[in-house]
Amino acid sequence: MKRTKIKDILNTTDFGQEINIQGWVRTFRNNQFIAINDGSSINNVQVVVDFLNTDDALLKRVTTGAAVSVTGTLVESLGKGQRVELKVKTLEILGDSDPEKYPLQPKKHSLEFLREIAHLRFRTTTFNAVFKIRHALAFAIHKFFNDKGFVYMHTPIITGSDAEGAGEMFRVSTIDFDKVPRNDDGTVNYKEDFFGKSTNLTVSGQLEGELAAMAFGEIYTFGPTFRAENSNTTRHLAEFWMIEPEMAFCNLQDNMDMAEELLKYVVRYALDHCGDELEFLSTRLLEEEKQKPANDRSELDLVTKLNFCLDNDFVRITYTEAIEILKNSKPNQKKQFKYLIDEWGADLQSEHERFLVEKHFKKPVILTDYPADIKSFYMRQNEPDETGRRTVAAMDILFPGIGEIVGGSQREERLDKLEQRMYEMHIPVEEMSWFLDTRRFGSAPHAGFGLGFERLVLFVTGMTNIRDVIAFPRTPNNAEF
RNA sequence: UCCUAAGUAGCUCAGCUGGUUAGAGCAUCUGACUGUUAAUCAGAGGGUCCCUGGUUCGAGUCCAGGCUUGGGAGCCA
């Protein structure tokens, strides 16, 4: 008999039919009720065994984690907790699970413990929900861009350019560490290496993305990204996924509009397609927050927070306006900030971003037009203001609890201005000649941004540690599984 | 990398100013019960108290160094 997915029977009213289900035992209660999950739904189906007429040795093997195949009759449940249940005709153990050794118990485990057994944590309801939502968000992103006619570009994972300027890189090499080829002056001879030059894992597909955008008009990338920063936080990974759209004939305003529309679209998609999962995570979060002091709890529950994000325009202010707000803010005047705001030009610390997003505006905020000195070389230079301050057409989208979820800019399309900036910031101009060709031949205004996928998943699932929204997190000192 | 807290049974945690044989709940095992919802009841087993060194008559507890983990910061998505 072909197996039926649990998802398809939970809401059925077609009682009396005989079906087969296959899944993993979550718990076996009262020697007769087996809760089975097959991953198709976060909900289990209850299977009822006639234990008086079933072999004791077989029942002993029905343990938490075991894989089973059950054929039986679908009936309306006599009990309270569920609508339907399966009355067993035949029960087969497909794979045993030694209860002395299986680490998952039918109880709440800490996320820290589950992180240590990441290979098994998919089998918990929480991670089932998180990874279903992760999938839905990934799908929604492709759907959004596809529907708009964007071309999905696969930019290289291995890169020979070290000018991307987005942090420390992981070296890619086949050189034997015990026999490193050297030049006469003692430096490493990369001509002997696999690619005949020094190569690294990509920190961004943006530069290649720009090349494609200057032909297709609108493209996006969605792939893994690697940063060898020694970052130990709840929002950084050494290997993470990033979405990077790049659009020709597009300015900073268009860029912001696109980013806001994308974020709202995918949140809407999750609300429409992952109702059960979000409901579960929302309740879970409320339970968790009961442990916290009252003023540390969130004001909105997860689903309400997501809807609130959809119903309100993101606040758009310039860096200069943000500095004014922060300067006059209570925590600044009462010297509660660790880093006090006194001068234009300072980089905003996360305490400042949090104040703007979580206290002052209480909604997502897009900050624009940052000082040129604290931003990357490729961002388009604005006209200096009346006081001579130099800014660039950058934009960062800040989300409550997450911080920067999107970073983008209009790109500097004027060759002379771009080259001049590259010299100032010691970017090797000759090596980047291929990149500058876009400005030499048919240059056009264009813009793009990077969206941190795991940070998006954090926001939508309400999880608080980025290591819990990627299957096997890579962080300093950890590359297990 | 910096600041900070923690590490005791499979899991979650208690263990006071250093003092006999280190505890609880859940899990596991044995038995009972049988329409349960993290089933219930009774009993049993289960420990490198993170590691190394030190102080002391005596260290889970105090000191030094190290390791690991959580939270915060920086870097950023």
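Let me begin with T126, which counts as buried because its relative accessibility is 11%, where buried means under 20% relative accessible area, exposed over 50% and partly exposed in between, with a 1.4 Å probe and protein chains only. This is a predicted model, in which local features need pLDDT of at least 70 and side-chain atom pairs count only at pLDDT 80 or more, while totals for chains, interfaces and linings use all residues. Residues are numbered from 1 along each chain as its sequence is written, chains are lettered from A and ligands numbered from 1 in the order in which they are written, and side-chain values use heavy atoms, with hydrogens and water left out.

T126 sits in helix α4, helices being DSSP runs of H or I with at least four residues and strands runs of E with at least two, numbered from the N terminus. Apart from neighbours within four places in sequence, T126 is in contact with F280, L281, R284 and M463, contact meaning heavy atoms within 4.5 Å.

Two of those names, R284 and M463, return in the lining of the largest cavity, together with L111, L285, E288, G462 and T464. On a 1 Å grid over the protein atoms alone, a cavity is a set of points where a 1.4 Å probe fits but cannot get out, whereas a pocket is an open set with protein on both sides within 12 Å along at least five of seven lines, and lining residues have an atom within 4 Å of a point. The largest cavity holds about 30 Å³, volume being the space filled by probe spheres set on grid points that are joined across faces, edges and corners. Helix α7, residues 275-289, gives the largest share of its lining, three residues.

The second largest pocket has about 810 Å³ of space, and its lining counts 35 residues, of which R26, K107, R123, T124 and T125 lie nearest its centre. Strand β1 supplies the largest share of that lining, five residues.

Beyond four places in sequence, E244 touches residues including S204, Y220 and F449.

Finally, chain A as a whole comes to 14 helices and 16 strands, and buried residues make up 48% of its 481 residues.
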